[in-house]
Amino acid sequence: MRIVLGVGGGIAAYKVASLLRLFTEAGHHVTVIPTEASTRFVGTATWEALSGNPVSNSVFDDVHQVNHVRLGHEADLIVVAPATADLLAKAATGQAGDLLTNTLLMARGPVLFAPAMHTEMWQHAATRANVETLRGRGAAVLEPATGRLTGADSGPGRLPEPEAIYDAAMALVQGQSDFQLPLAGRTVTISAGGTREPLDPVRFLGNRSSGKQGVALAVAARNAGATVRLLAAHMDVPAPAGVEVVPVETALQLREAALAAAADSDVVIMSAAVADFRPAEISDTKIKKRDDHADPVITLVRNPDILQELVELRNLKGAGAGEKQQLIVGFAAETGDSQGDVLAYAEAKLHRKGCDLLVVNHVGTDRVFGQDHNSVVILARSGSEPQEATGTKTEVSAAIISRIGLELNSVSPRA
Ligand code: CTP
């Protein structure tokens, strides 16, 4: 989707950087148009770097392209944040003194204003009238949040949180145009974190998984319009807002939760680090050191392979008439060794497990686990070319979710 993000001259302009990230991470093309005043708060270099697109606030830049006409016509959505009292007044009275106000007059798609100003300005009769005028013409004007304002004052006038503006923008677009988010109407189940297998009431066997990748996937899937269920094993990061969280501890608990959740899921992503083995016995009491120096021996038994079971169940169930089969995505943490390289092991795992996509991580003790950056290769059972994705876990997740969207929405049946 092509989005124009107008930035007004208010202190809350810095928060709009997060809003811009939400848009770009969901795969949207964003052109930022800051007002002259706003560049006193956040400079154009920030917007250029974050959006990856050139930034201008003058109708006299690139005149041959007639930017305000092109941007206004091409935009599937225009969001103005923070919408200052001045910008609301200019928009309401149809002024066209700079690139942003010109573009607003050329808009063909939905327009969303996210106001931020002092309470007195928001409640002033002039602003009230401008807001009514804009709403009357079909623009969406959010109510500002209530709380601490720039100085010591507080009340209604805070810029709504970036996530709230993002959600309102997506809802507005879906309601007003034919545009559909890639995972709209889909249910996506994602397992995240590392399972813990208890030895006794205080000890467990665990692993280094932080849950960051799974959480980033949940955010990306939510932002792509999906209903998201997060099966959360142990994680070092909080679960995101707007997703259903099912807490689990052991592999057996995760198996039960995954099989139940898979029943109505279009997509299941197994990004959790599941313990392959669990202690054969769990002591009811704390295992103590013994005087005779007979140190305990821990016997391990195999845990079920949840991913493989999900695939078997899916294959048994098949797809209804005209339906796409459930898409199952596995993760492989590989180190490679003298017997084979990372990709060779991953290819073998993809076919052994039978999932549709396998996201391959190259791991070591200092790689991937707990890190913010990641580099993965996505292998497909259909045999299409391996796809690389590199960047922050957020960026990698956006790439994985966008690939899933393509797989789900492709017309050709999967191999
Ligand atoms: N997985 C699972 N159930 C298990 C173990 C793993 O569902 N008991 C899933 C993981 O969530 C991941 C994928 O299987 O999506 C691959 O896990 P990985 O640990 O890399 O592979 P293993 O099956 O353990 O194979 P190996 O130890 O031989 O590398």
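A backbone N or O atom of alanine 333 lies 3.2 Å from an oxygen atom of the ligand. This distance qualifies as a polar contact, a term for a pair of N or O atoms within 3.5 Å; within protein, one must be able to donate a hydrogen and the other to accept it, and residues adjacent in sequence count only if both atoms are side-chain atoms. The structure is a predicted model, in which local features need pLDDT of at least 70 and side-chain atom pairs count only at pLDDT 80 or more, while totals for chains, interfaces and linings use all residues. Residues are numbered from 1 along each chain as its sequence is written, and side-chain values use heavy atoms, with hydrogens and water left out.

| Residue | Part of the residue | Distance to an oxygen atom of the ligand |
|---|---|---|
| Methionine 270 | backbone N or O atom | 2.7 Å |
| Alanine 333 | backbone N or O atom | 3.2 Å |
| Lysine 349 | N or O atom in the side chain | 2.8 Å |

There are 15 residues around the ligand, and Met270, Leu307, Phe331, Lys349 and Lys353 come nearest. A residue is counted here if one of its heavy atoms lies within 4 Å of the molecule.

Glutamate 309 belongs to helix H11, residues 306–317. Helices (H or I, at least four residues) and strands (E, at least two) are DSSP runs, numbered from the N terminus. Apart from its neighbours within four places in sequence, glutamate 309 is in contact with Arg255, Leu259 and Pro304, where contact means heavy atoms within 4.5 Å. With arginine 255, the side chain of glutamate 309 forms a polar contact to the side chain at 2.8 Å. Glutamate 309 and glycine 354 are separated by 45 residues in sequence and by 9.9 Å in space, C-alpha to C-alpha.

The chain as a whole is divided into domain 1 (2–173) and domain 2 (187–408), with bounds that come from an automatic or database domain assignment. Six residues from domain 1 and five residues from domain 2 take part in the contact. The C-alpha centres of the two domains lie 39 Å apart.

How much area do domain 1 and domain 2 bury between them? The value is about 470 Å², 51% of it on carbon and sulfur atoms. Buried area is the accessible area (1.4 Å probe) that two parts lose on being put together, summed over both. On the side of domain 1 that touches domain 2, helix H1 (16–25) and helix H8 (162–176) are the elements that give two or more residues. H1 gives the most, with three residues.
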